Amino acid sequence: MNSDLSSQKVKYIGEQGLLERLQRFCPPEIIGDDAAVLVTAPGQSLVVTTDVLVDGVHFSNLTTSPEDAGWRAAAANLSDLAAMGASPLGITVGLGLPGEFRVSWVERLYQGMTECLQKYNTSIVGGDIVRSPVTTLAITAFGQVNPSQIIRRSAAVIGDAIVVTGVHGASRAGLELLLHPELGQNLKDAECTALIRAHQRPQPRLDVLPILWKILTPNSQLSIAGMDSSDGLADAIIQICRASGVGAVLEYRQIPVPKTFNHWLTPDQALKYALYGGEDFELVLCLPQELASALVQHLGQGAAIAGRITPGSTVLLHDEEKKFPDQVLNLSQGFQHFGQ
C-alpha cells in the first residue's frame with residue numbers, strides 16, 4: 001500500500017483518518033468540539049443558508065476539477081449571503097462520497113473551497129463526512145447583517161429600477177465551451193479562457209455591499225429588494241416580483257452580456273444564455289432610479305439598469321427597437337429540479 005495517504009482510497013484510512021487530513025483546512029481554534037461557536041457583532045442579525053450539490057447534477061469531472069467544484073460550492077453559498085446583504089462568518093461542510101474515492105480528490109475539493117473563502121476572510125468551521133453511493137456536498141453558510149440593511153425579495157415597489165451588477169450568460173457559455181470545444185473556433189484563446197473561468201470560478205458579489213451601503217447612507221430607512229441570479233436572470237426578476245406583488249419590464253438592449261457574444265452567438269442564443277443560463281452569481285437589486293444610477297456608476301463596466309418595476313404581475317421582456325416582439329418571461333425555460 002502506498003505510504004502517501006493522498007494517493008490512497010478513502011476506505012483505507014476511514015472517517016477519522018480523512019477528518020484528520022481535512023482539519024488543516026479549518027481554523028484550529030474553532031474546530032475540535034461537537035459544534036463551532038461563532039460570534040456576531042453587537043446588533044447584528046444571524047443569516048443562515050444551505051446549499052446541496054450532487055455529482056452529475058451540479059458538477060461533473062467532465063467540466064470541473066475537484067478544486068473548481070470546491071470553489072463553486074463555496075461561491076454559491078457566499079452569493080446567497082451577499083443577496084441578503086450579509087457578510088460571511090464561516091461555513092460547515094457535509095460531504096458524502098464513495099469509499100473508492102482517492103484522498104487526494106477530497107483534499108483538492110477542500111483546497112478549492114478554501115481558496116474561495118480566503119478571498120473573503122472566511123473559513124470552514126466544521127462539518128461531517130459519510131459514505132454515500134453518490135458524491136454529495138451540502139454546505140451551510142453563516143453570515144451577519146445589520147437588521148436595517150437586510151435585502152429581501154419582497155421589498156420591490158412600483159417605479160424601482162432593476163440593477164444587475166454584472167454580465168449574464170458567461171457561465172453558460174463557458175460550460176458549452178467545456179462540453180463542445182469546437183464552438184470556440186471563432187474566439188480568441190483569451191476569450192475562451194475568460195468564459196470558461198466564469199463557469200469554473202464564479203465570483204460572489206460581496207464587494208457590492210460596501211458600495212451599496214455607502215450610497216444608501218442618506219436613505220438609511222430605505223428597503224432594498226434583491227436576490228442573486230444563480231438560477232438565471234429571468235428567475236431572479238420573476239421571484240422578486242412574485243414576492244413583492246408587482247410586475248416588471250426588462251429592456252432587451254440593457255441586459256449586460258459579454259462582448260464576445262456579439263460575434264459568436266446569434267441574438268436568440270445570447271438572450272437565452274443571459275436569461276436562463278444561470279450560475280452567473282450576480283446580484284439583481286431593485287431601488288429608486290437615482291440611487292440605481294449612482295450604484296451602476298460606482299460599479300462600472302458590466303453593471304446596468306436593466307429594467308423597472310411596474311404595476312400588475314407580468315414580467316415582460318421589451319425591445320425598444322422592435323426587432324424582437326415583446327414576450328412574457330416565465331420559469332419554464334430555466335433549470336428546474338424535478339422538472340418534466
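Select Arg108 in this predicted model: with a relative accessible area of 38%, Arg108 is partly exposed.

Next, select Glu282 and Arg205. Their closest N and O atoms are 2.8 Å apart, and the two residues form a salt bridge. Glu282 belongs to the loop between helix H8 (267-276) and strand S8 (283-287), while Arg205 belongs to the loop between helix H5 (189-200) and helix H6 (208-216); the pair links parts of the chain 77 residues apart. Both Glu282 and Arg205 are buried.

Move on to Arg253 and Glu321. Here the salt bridge has its closest N and O atoms 3.6 Å apart. Arg253 is in the loop between strand S7 (247-251) and H8, and Glu321 is in the loop between strand S10 (315-318) and strand S11 (327-328), which puts the partners 68 residues apart. Arg253 is partly exposed at a relative accessible area of 33%, and Glu321 is partly exposed at 43%.

For the last stop, select Asp68, Glu115 and Arg201 together. Salt bridges link these residues in a network.

How many salt bridges are there by the rule of a side-chain nitrogen of Lys or Arg within 4 Å of a carboxyl oxygen of Asp or Glu? The count is eleven.

Note on methods: Residues are numbered from 1 along each chain as its sequence is written. This is a predicted model: local features need pLDDT of at least 70, side-chain atom pairs count only at pLDDT 80 or more; totals for chains, interfaces and linings use all residues. Side-chain values use heavy atoms; hydrogens and water are left out. Buried means under 20% relative accessible area, exposed over 50%, partly exposed in between (1.4 Å probe, protein chains only). Helices (H or I, at least four residues) and strands (E, at least two) are DSSP runs, numbered from the N terminus.
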